[in-house]
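Good morning, and thank you for making time for this presentation.

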Amino acid sequence: MNDVDLETIRLFLHVLAATIWVGGQITLAALVPALRGAGAEVPKAAANAFNRIAWPAFVVLVLTGVWNVVAADDDSAAFQNTLSLKYVLVLASGVTAFLHARATSKQAMAVYGALTGLTALAALFVGIMLAE
């Protein structure tokens, strides 16, 4: 059994935050149809409750992501290009989530929600590429 060190803690926090940010979005999207059946305001209440843990998780993702990059210390072109893509996807995920939370029309909510989920999943995938 390995000892618990800062690398283990860093990776645990990053994966935990990704589980909340990405997994929570998928779960909430799956629950929205059932929540609508419980009342028109129920999906919004659920989304607001999710946001109370999602945004702190996003901050933890960004902070531990920076920590991961510093720890990786990889100057190769392939790593740097993949890292740049990851930055774009993380930024897009955060911006579209922000816009989704402030959308006033059903169409805007749907578009921004879909973009948030897709960019979060893509950022997760690219993050796995960086870890290889």
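This is a predicted model: local features need pLDDT of at least 70, side-chain atom pairs count only at pLDDT 80 or more; totals for chains, interfaces and linings use all residues.

Helices here are DSSP runs of H or I with at least four residues, numbered from the N terminus. In general, an α-helix has 3.6 residues a turn, so residues three or four places apart point the same way.

Residues are numbered from 1 along each chain as its sequence is written, and side-chain values use heavy atoms, with hydrogens and water left out.

How many aromatic pairs does the structure hold? There are three. Rings of Phe, Tyr and Trp, the last by its six-membered ring, pair if their centres lie within 6.5 Å; planes under 30 degrees apart count as stacked, over 60 as edge-to-face and the rest as tilted. One of the pairs joins Trp21 and Phe58, at 4.6 Å centre to centre with 45° between the planes, and is tilted. This pair links distant parts of the chain, since Trp21 lies in helix H1 and Phe58 in helix H2, 37 residues apart. The rings of Trp55 and Phe58 are edge-to-face, because their centres are 5.6 Å apart and their planes stand at 75°.

Phe58 has a relative accessible area of 15%, whereas Trp55, at 26%, counts as partly exposed.

I turn now to helix H4, residues 106-131. Its 26 residues reach 37 Å from the first C-alpha to the last, close to the 38 Å expected at 1.5 Å a residue; the expected span is 1.5 Å times one less than the number of residues. Among the buried residues of H4 are Thr116, Gly117, Ala120 and Leu130.

Finally, consider Asp73, in the loop between helix H2 (42-72) and helix H3 (77-102). Asp73 counts as exposed, because its relative accessibility is 61%. Its phi is near 50°, a positive value in a residue other than glycine. Most residues other than glycine have a negative phi.

Notes
Helices (H or I, at least four residues) and strands (E, at least two) are DSSP runs, numbered from the N terminus. Buried means under 20% relative accessible area, exposed over 50%, partly exposed in between (1.4 Å probe, protein chains only).
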